[in-house]
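Hi,

Here is the structure I promised to pass on. Have a look at it first, and then read my notes below.

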Number of protein chains: 2
Amino acid sequence: MSFHAKIHTIQKRADSLLCVGLDTDAQKLPVHLRSKKNGILEFNKRIIEVTRDLVCAYKINFAFYEALGKEGWAIMEKTLALIPSAVFTIADAKRGDIGNTSSQYARAILNEMGFDSITVAPYMGKDSVQPFLEQKEKGVFLLALTSNQGALDFQYKKIGKKRVFEEVVTTAQQWTTNHNLGFVVGATKSKDIQSVRKLAPDVPFLVPGIGAQGGSVEDVVKYGCTDGGFGVIINASRSILYASIEKDFADTARSEALKLNNEINFFRTKYF
Amino acid sequence: MSFHAKIHTIQKRADSLLCVGLDTDAQKLPVHLRSKKNGILEFNKRIIEVTRDLVCAYKINFAFYEALGKEGWAIMEKTLALIPSAVFTIADAKRGDIGNTSSQYARAILNEMGFDSITVAPYMGKDSVQPFLEQKEKGVFLLALTSNQGALDFQYKKIGKKRVFEEVVTTAQQWTTNHNLGFVVGATKSKDIQSVRKLAPDVPFLVPGIGAQGGSVEDVVKYGCTDGGFGVIINASRSILYASIEKDFADTARSEALKLNNEINFFRTKYF
């Protein structure tokens, strides 16, 4: 099954576009887990247990684990093993290097660790992205329009009549015929989700920027979803993970995830 | 001492602009080290021992270590500990994420691991780079003009009268007053090294693309160096590391490093 088809199948079966971002920060753990040796892994385990029936995907943010050195790497591998195989996995690593080096990352992250997909930066062009596109059941979410303020620095600059992010979206779609390229499109840039959707009608989007960053769920669904209300993976991290730092953290995280999923599905029904 | 001053001091004392890239690939190790448990670390140790008096810097390419999972992370930490403190260290990790996440990478790589500098991708703009610029003795090599073929896909596109890489160089210099920003400028784009130098007269360049990738040493020195023949860090990886896969690999690596260093210094004398 191709990467695009896999995402669609999982979203349909789960009736969910929600992705929980495991951006687990040792300093923000529930108080009773902070001093525990396996605190982070235990936290991730509980979060996965209480959200697994509500999500289509989990996204693991490499920075938070690399901050812990080799221990962090082990926690990441163990966390990945806890994710049910029916849920899609995203390595939020924002890699991208010369071909020789990207091949190393592709092998490590998509094959040895076994992630379904990875986020990649576009600046170095085609040969920096292609090693991640070689296996048709694995794929890339290429940064197009990011959710942060700095998106304005280069992504909105004009190359001829197109903005840089539009140039990226147009060009990158020619890099694979494997149906395994998607784009990162920030929820904070709501109207421009529509601009990207026009240029890439059938491609899945990974949409960060809901929750702590303040993007609108309604706009993401309305402007981003494809026919039938699919095709966007909506990520929330901090607003779910750290909804409570008390012993009830897992129940509270589940409530937040459920609330967000219901909100997403409300707008899917409204617009599709 | 600021980051810029530190590079200058080290280059002057070592009389060298050479950086050896520790892109150590388990599959390309000398035959007798391939099956050894600590083969990669032993290889790095020997390479450092025989080149440490010839270089101003070592660059560690994270991909090659991450390909080995948590073991790789440990090897990277141990390799770093073998590098003399008088030599400059570069984490070739090409990171860059929203501020919250970049802060995690900055802490992990510049503080906990203790690298002097890191390569960062510019696509996400100012707030994705700033966390790496907060300490004035640590700094960033921001991707400007990369050495690969894919550089043509976006970096050479025009934003008004400037090319994208020129826009990056001009804009990014406004992001810090700490004298701790440098640029990655590929040796394979010789004439355009000069274009970047014009826009950034006092800023250090990290120049990959010599050796296996075929860039010209003469052009790098001629177009890239600042007054007195400083200001570029010229990296070679594969051409030195894998010059021999026999037991004499270390001697051969030293010969290659020496030859390259002499060539660089020949052109420094010629042009400065």
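Before anything else, a word on contacts: I call two residues in contact if their C-beta atoms, placed from the backbone, lie within 7 Å. This is a predicted model, so note that local features need pLDDT of at least 70, side-chain atom pairs count only at pLDDT 80 or more, and totals for chains, interfaces and linings use all residues. Residues are numbered from 1 along each chain as its sequence is written, while chains are lettered from A and ligands numbered from 1 in the order in which they are written.

Let's begin with the core. A nonpolar core here is a set of buried Ala, Val, Leu, Ile, Met, Phe, Trp, Tyr and Cys residues joined through C-beta atoms within 7 Å. Buried means 20 or more other C-beta atoms within 10 Å of a residue's own, exposed means 12 or fewer, and partly exposed is in between, again with C-beta atoms placed from the backbone. The largest nonpolar core has 179 residues, and those touching the most other members are Leu142, Ala144 and Phe183 of chain A and Leu142, Ala144 and Phe183 of chain B. Leaving aside neighbours within four places in sequence, the contacts of Phe183(B) include Phe141(B), Leu142(B), Ala144(B), Val169(B) and Val196(B).

Val196(B) leads on to helix H10 (residues 190-199) of chain B, where it is buried along with Asp192(B), Ile193(B) and Arg197(B). (Helices, H or I of at least four residues, and strands, E of at least two, are DSSP runs numbered from the N terminus.) Seen down the axis of H10(B), these buried residues fall within an arc of 155°, so they line one face of the helix; the arc is that of the directions from the helix axis to the C-beta atoms. They pack against strand E5 (139-145), H9, strand E8 (181-185) and helix H11 (217-224) of chain B. Lys191(B) and Lys198(B), on the other side of H10(B), are exposed.

In chain B, Asn44(B) sits in helix H3 (residues 39-51) and is buried, with 23 other C-beta atoms within 10 Å. Beyond four places in sequence, Asn44(B) is in contact with Leu22(B), Thr24(B), Thr79(B) and Leu82(B).

Now the two chains together. Chain B can be laid on chain A with an RMSD of 0.0 Å by a turn of 180° and a shift of 0.0 Å along the axis, superposing by least squares on the C-alpha atoms of residues with pLDDT of at least 70 in both. The copies are thus related as by a two-fold rotation axis. In the interface, 45 residues of chain B are in contact with 45 residues of chain A. H6(B) gives the most to chain B's side, with seven residues.

One backbone detail to check: phi of Asp15(A) is near 45°, a positive value in a residue other than glycine. Asp15(A) is in the loop between helix H1 (3-14) and E1 of chain A, and counts as exposed with 12 C-beta neighbours inside 10 Å.

Cheers
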